[in-house]
Amino acid sequence: MSGTVLLHLVLRREQDVFAVRQRGREAAAALGLEHQDQIRLATALSDVGRQLLAANDAVDVTFSLGGQPTHLCFRLCVAGPVDPAALRPAGRLVDVLEVTESGQETAVMLSRRLPQQGLPDADRVEQVQRALTASAVASPLDELASQNEHLLAGLEEARQQRDRLKTLNDELEETNRGVMALYLQLSSELEETNRGVVALYAELDEKSEQLRQASEAKSRFLANVSHELRAPVTSIIGLVRLLSDSASDPLTPAQGEQIELMRGSAADLLSLVNDLLDLAKAESGHLEPAWATVDLSPLFKQLRGTLKAILVSPDVELVVEAPEDGACLESDEVLLSQVLRNLLHNAVKFTEQGTVTMRAERDGEQWRITVADTGIGIPAADHERIFEEFVQLPRRQKVRGTGLGLPYARRLVGILGGTMSLDSEPGRGSTFTVTLPVSRQP
């Protein structure tokens, strides 16, 4: 069906232009184009036909279907040349406008895509052909009147479109005013919020400075009080030792019992004073490590020998797996020994039966030292609380202590450039892991 001819006309005078316009509108209507598209197509056809007729004696016009068939096409042929620029305005009214020159003939092709719904079949094409051939040609006045009606309808539609656009513009302007008012309000609220945030930050900075000063004052207080308490407590211990000395006057059994109570209380007080003093030093930042190469093998052996004496229950076994000689790292031997001794003491205190094990293994550029016990364990919710000063959990309060050992040990590990972690469950024991770098980190 491609290239099916619908109608053939020849333009020889001005009246024929009106006829070709009428036929073009009828063909567009018969093939289902909308009213506005009919007017555009007819207008483009008459404009091109009039310009070609003004420069030529005759214009051969062919209506056809093209594109299998998806387009209504108009082919206008003349013998002379054609100026394509003069036809450009008409090209805006159609889908395609092409000018082709071949020998002595020039052809202008106009086409418009047909709607996808209801493309013509063979029977319908034949009906369109008969209708175009049989239709009567209107007079120029009738065609002009029809054209004027179309123009007036187009103007009315344009006016309505203009009114709709004006209404939309008014609504848009009103919306813009609302948006601008909302923007100004939000900007004002945001600015007020920013001022509040700035004031809050200033207050937080002030509170932070006050907390820092309070912390420093607390550390100084603990250090001073610890120093002041250590001398009289030491004196009490010395006097108690003199009273219980065999060279002194003999004591009655009641007096001896009281002396032992005094000795135990004084020893506990001295331990608390020493812990407070150590913690104050660590918090104040005045504790400077003496960096040196530390061999873990002799350190572990020394701890194993000195800590076996603290085992009071035959049901608890202390296992210290010393690494091979040459297991070295850069650290402070005294501080590291305090950390490990503290962890071992803590594990022994809270283990009624089973084992307390300490071992070390190297992982790349780090040493991982673990102290594991089979004691009562710690609930997950309290894993961080036990590293707070003076905190003793309910299940562990029956064992005497100050609540300062673990916080102090963790601070020492941080000073040595490492970390301390805990893995524990109630009834399954606890494992403290100290991770230290092989080489000192700047």
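Which residues touch the most other members of the largest nonpolar core? Select Leu 296, Met 358 and Met 420: of the 41 residues in that core, these three touch the most other members. A nonpolar core here is a set of buried Ala, Val, Leu, Ile, Met, Phe, Trp, Tyr and Cys residues joined through side-chain atoms within 4.5 Å. Buried means under 20% relative accessible area, exposed over 50%, and partly exposed in between, with a 1.4 Å probe and protein chains only.

Before going on, note that this is a predicted model, in which local features need pLDDT of at least 70 and side-chain atom pairs count only at pLDDT 80 or more, while totals for chains, interfaces and linings use all residues. Residues are numbered from 1 along each chain as its sequence is written, and side-chain values use heavy atoms, with hydrogens and water left out.

**The largest core**

Stay on Leu 296. Apart from neighbours within four places in sequence, Leu 296 is in contact (heavy atoms within 4.5 Å) with Pro 323, Ala 327, Leu 329, Leu 336, Ala 360, Trp 367 and Ile 369. Helices (H or I, at least four residues) and strands (E, at least two) are DSSP runs, numbered from the N terminus. Those supplying at least two core residues each include helix H7 (296–307), strand S9 (354–363) and helix H9 (405–415). H8 gives the most, with 8 residues.

**Asn 342 in H8**

Next, select Asn 342, in helix H8 (residues 333–349). Asn 342 is buried, at a relative accessible area of 19%. Not counting residues up to four places away in sequence, Asn 342 touches Gly 405, Leu 406 and Ala 409.

**The second core and Ser 64**

Move to a second, separate core of 33 residues, which includes Leu 11, Ala 27, Val 61 and Leu 110. Then pick Ser 64, in strand S2. Ser 64 counts as buried, at 14% relative accessibility. Leaving aside neighbours within four places in sequence, its contacts include Thr 4, Val 5 and His 71.

**Helix H4**

Finish with helix H4 (residues 122–134). Its buried residues include Val 125, Val 128 and Leu 132. They lie on the same side of H4, because they cover an arc of only 60° around the axis, taken from the directions from the helix axis to the C-beta atoms. Strand S1 (4–11), helix H1 (14–30) and strand S2 (59–66) are among what covers the buried residues of H4. Turn the view to the face away from the buried side: Asp 123, Thr 133 and Ala 134 are exposed there.
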